[in-house]
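Please consider the following complex, taken up one element at a time.

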Amino acid sequence: MIDRLANGFDPFVIPFMVGMIFVLAYCGIGILVILFQLSREDRRRFLLSLVKPATAWKNIKDIFLNCLIHVKLWKRNRVLGFMHSSIAFGWFMIIVLGHLEVWLFVPERIRLLYYPIFFNFFVAETETTLQGAVFFFLMDFFLLLILVGIALAMIKRIRSRFFGMRRTTRASLLDTIGLYSLWSIFPLRLICESFTAHISGGSFLTVPMNHFFRWFFGNELNYLPTWWAYSIALGIFMLVLPFTRYMHIPAEMMLIPMRNAGLKVRHPRRGFARIQVLSCPGCGVCIDACPMSVRKENLKDCTVYLNRQIRHHNERRITEISEKCLMCGKCSEVCQVGVDGPLMRLKQRELKKYSINQHYRNIRPDSFPVEGTGKVLYFAGCMTHLTPSIRKATMSLLSKAGIEARMMDPDGGLCCGRPMLMAGRQEQARELIRLNTAIIRASGCDTLLLTCPICYRIFKENYKLDGIRVVHHSVYFNELIQSGLLKVSKDESRTLVYHDPCELGRGCGIYEEPREALLAAGNLVEAHQNHAESICCGGSLGSLSLNYEKRREITLNAFENLTAEQPDAVVTACPLCLNTFSHYADRPVEDLAVVLDKASES
Amino acid sequence: MDFGFSLSPSSAIELDTLDSALYRKLCRIEPGARTCIACGSCSATCTAAEHSGMSVRKLLLGLQRGRKAEVERMLSNCMLCGKCTMVCPRGINTRRVILTVCRLYDNVEGTL
C-alpha cells in the first residue's frame, strides 16, 4: 500500500472532520460537566474505580458484551439481538481494522483522524501488499454484516412485530434525521469503496461491484461525488448525534463504569441521572412492559418517554409521568441498558415541596406495647388489616406449626413507612422507621414475620434490625413445610396460578419459595408472563395520581395474563394484589397463607 | 361520667368568611373529591385517626367549611398508607386528595 495523494488530503473529508470534532468536543465537555455534578464522594469513588484492575476489567468486559454484542438483547429476541450487534460490532470492527491498516501500511498518517475512515481513497495497492487481501476480505465481510443489520432495521421500522415488539417509540424529527443518515452511511461506503476498488484493492463485495460500475459508467471521475456523499452522511450523523437517541452510543460507555463503581441516582437530572437519560436508546422495550400501556392514553407515560421529556426539559410532563407511575419496576427489569426508571421518578418526587409536612412527634412507641414472650413477632401492616383472612390464616398456621408468635399490631399499629418513601417524603418515612424500630426492639423478638410485601421491602432495605430476622410469610411457611413442622395435604384436582407481587418479586427477588410452598397444596401452572416479568395488579401504592377507574383496565389485563392456563384459583402473597384482583376476578383469588391454612392439618 | 363518647361543641359555618379556592382547585385536580358521600369508611380504617383525628371525609367537609386549622391538624399525622383509598366505595383517589391539599395548603395558586 502506498499513499496515492502526496499531501494525504482531499476537501471531501471536511464534513466528516467537522462532525467528528464536534462530537468529540461535545462528549469531552459533557463528561467534565457530569463529573462536576457528581457529589465529591461519588466522584472520588468513580475515579478510583477506573484504576482498580478488577473493576477496570469488568468495565471493559461489560462494555464489550453490552455495547457491542448486545448480549441482553440476544436473550430477549435473537433477531433483534443480531440486528443491533451486527451494526454495532460490525462498525466497531471496521473502525479498528481501518486503524490497523493505517498503522501497518502508512504509519506516518496515523495522526490524521480521517485516514482510517477513508483509507481506501487515499492509498493504492502495490505488488508487495498482497497481505492486505485479508484486510480487504474482513472489511467487506463486516460491511456486509452491517448492511444486513441495516436491512433488518428497515424491516423493523415497518413491522416491529417480527422482532417481538408490539410497540416502538415514535421518533422525533432529529431522531429521524439521525436514523436516515445512519442508514445511508453504510450503503454509501460500499458504493464509494467499490468505485476505487481497482486502485486500492477490494474483496468479494467491492471488486465485483467495481467491475460493474466501470462497465456501466466507464468514467473514473464519478467516484469523487460518492466519497463526498459518504463523508456528508457521516458528518450529518455526528452533528445531530448529541440531540438524538444515538447519544446512547457514547453515553452507555460512560454509564457502565459509573454503575460498576456503585453510583446511584441522587438527583433526577444531574450527574448519574443525566448519563442514564442519555444512555436510553429509545428502543421502546419498556412500552410493552409498562402495565399502564394497556390504556392508550398512558402509552407515553413509560420510562422511554420520561427520558425524552427530561432531555426536552418539559417540566409539566416530567412531573406528570413521575407521579403516575405504579413503580412496579418492570421497565428497569427489561431495560437493555439498565435505566432505573422508578428511581428517577422517586428522586423527582423528592423535589416536591409541601406546605403541610407530616410529623409523628406526638406518637410514642410505648403506646404500642407488645405482650407475650414468643420470639416470632408478626406485623400485619395496614393492608393486611383490611384483608383479615390473611391475618387469621397466618395466626392459624403458626399455631398449627407449634410456633409461639405475637402480634405487633393487634389493634392496628403504625404504617411501615414505604408509602411515604414512595411518595418521595423521606423525612416522614425515616420518622416512621424510627418509631417502628423502637417498638420492635422493645418486644425482644428474634424474627419479624410479615404478610405484606410492601412492608417486607422497607423492613429489608431501610430498617436497621441487626440480629432480627426479617422474613416474608411465603418464605417462612415454605421453610416450615419443608422441615415438616407444617403438614400440608396436596389437592391433586386443584390447579393454582401464582401471581408475583412487584414488591416481593422484582423488589426483593423472592420467586421460588412461594411456588414451592404452593406445590405442597395443589398443582401449579404459570401465568403467561411470570417471575421477573409478571404484570403489576394495578393497585400499587406507587402511583400517586392514577385513579380507580383508570386502574381497571390494568387490573383486567394483569388478571387475563394470570388466567391464561385456566387455573381454578389465583394465589398471591400480597394483601393489596388480593384486594385489587378481587374486584374483578371471575374465580377465587386467595392469599398463599389462606391456601396453606385450608390444606394443612391441625 | 364517661359514656365513651362526647358531643362536639357547637360550631357555625361562616360562609361569608369562607375561602373555598383550595377546595375548588382540589376538585379540578382530583374530580373524585366531589363524589364523596361521607360514608365514613375512610374514617373507620384510618391508621392516623387515633393520633390526629384524621379522616378524609372530615377533611373534605373541613375544606368546604373553611375550617383550616382542623384540616391542618388532621393531616399532620397521615402516613399515606392507602387504607382509605382501598375502602372508598366511590373509588376516590384519597391519597391524591391528601397530597394535593398538603401541597397547595398555603399556596393555592402554586403549580402542581
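**A parallel sheet and its surroundings**

In chain A, strand S3 (residues 376-379) and strand S5 (residues 447-450) run parallel and are joined by four bridges. Within this pairing, A:Phe379 stands opposite A:Leu450 of S5(A). The model under discussion is a predicted one.

The pair belongs to an open sheet of four strands in chain A, with the order S4-S3-S5-S6 and parallel pairing. As a general point, the strands of a sheet pair through backbone hydrogen bonds, in either a parallel or an antiparallel manner.

The sheet is part of a chain that has 28 helices and ten strands. The C-alpha atoms of chain A fill a box of roughly 95 × 55 × 45 Å along the principal axes. Of the 602 residues of chain A, 48% count as buried. Where contacts in chain A link residues at least 6 apart in sequence, 75% of them join residues at least 24 apart.

Chain B has seven helices and zero strands, and its pattern along the sequence reads α-α-α-α-α-α-α. Its radius of gyration is 14 Å, close to the 13 Å that the globule rule gives for 112 residues, so chain B is as compact as a globular protein of that length. The C-alpha atoms of chain B fill a box of roughly 50 × 35 × 25 Å, taken along the principal axes. Buried residues account for 42% of the 112 residues in chain B. Of the contacts in chain B with a separation of 6 or more, 62% are between residues 24 or more positions apart.

Helix H5 (residues 68-75) of chain B shows how one of these helices is placed. Which of its residues are buried? They are B:Val71, B:Met74 and B:Leu75. These residues cover an arc of only 90° around the axis, which puts them on the same side of H5(B). The buried residues of H5(B) pack against helix H3 (49-52), helix H4 (56-64) and helix H7 (94-104) of chain B.

Two loop residues deserve attention for their backbone angles. Most residues other than glycine have a negative phi. B:Leu80, in the loop between H5 and helix H6 (83-87) of chain B, has a positive phi near 60°. A:Gln566, in the loop between H26 and strand S9 (569-572) of chain A, likewise has a positive phi, of about 55°, although it is not a glycine. Are these residues buried or exposed? B:Leu80 is buried, with 30 other C-beta atoms within 10 Å, whereas A:Gln566 is exposed, with 9 other C-beta atoms within 10 Å.

The contact between the chains remains to be described. It takes 26 residues from chain A and 28 residues from chain B. On the side of chain A that touches chain B, helix H21 (418-422) and helix H26 (548-562) of chain A each supply at least two residues. The residues of that side of chain A divide into 15 nonpolar, nine polar and two charged.

Conventions: Residues are numbered from 1 along each chain as its sequence is written. Chains are lettered from A and ligands numbered from 1 in the order in which they are written. This is a predicted model: local features need pLDDT of at least 70, side-chain atom pairs count only at pLDDT 80 or more; totals for chains, interfaces and linings use all residues. Two residues are in contact if their C-beta atoms, placed from the backbone, lie within 7 Å. Ala, Val, Leu, Ile, Met, Phe, Trp, Tyr, Cys and Pro count as nonpolar, Asp, Glu, Lys and Arg as charged, and the others, Gly among them, as polar. The radius of gyration is taken over C-alpha atoms; the globule rule is 2.2 Å times the number of residues to the power 0.38. A residue is buried if 20 or more other C-beta atoms lie within 10 Å of its own, exposed if 12 or fewer, and partly exposed in between; C-beta atoms are placed from the backbone. The arc is that of the directions from the helix axis to the C-beta atoms. Two strands pair if DSSP finds at least two bridges between them.
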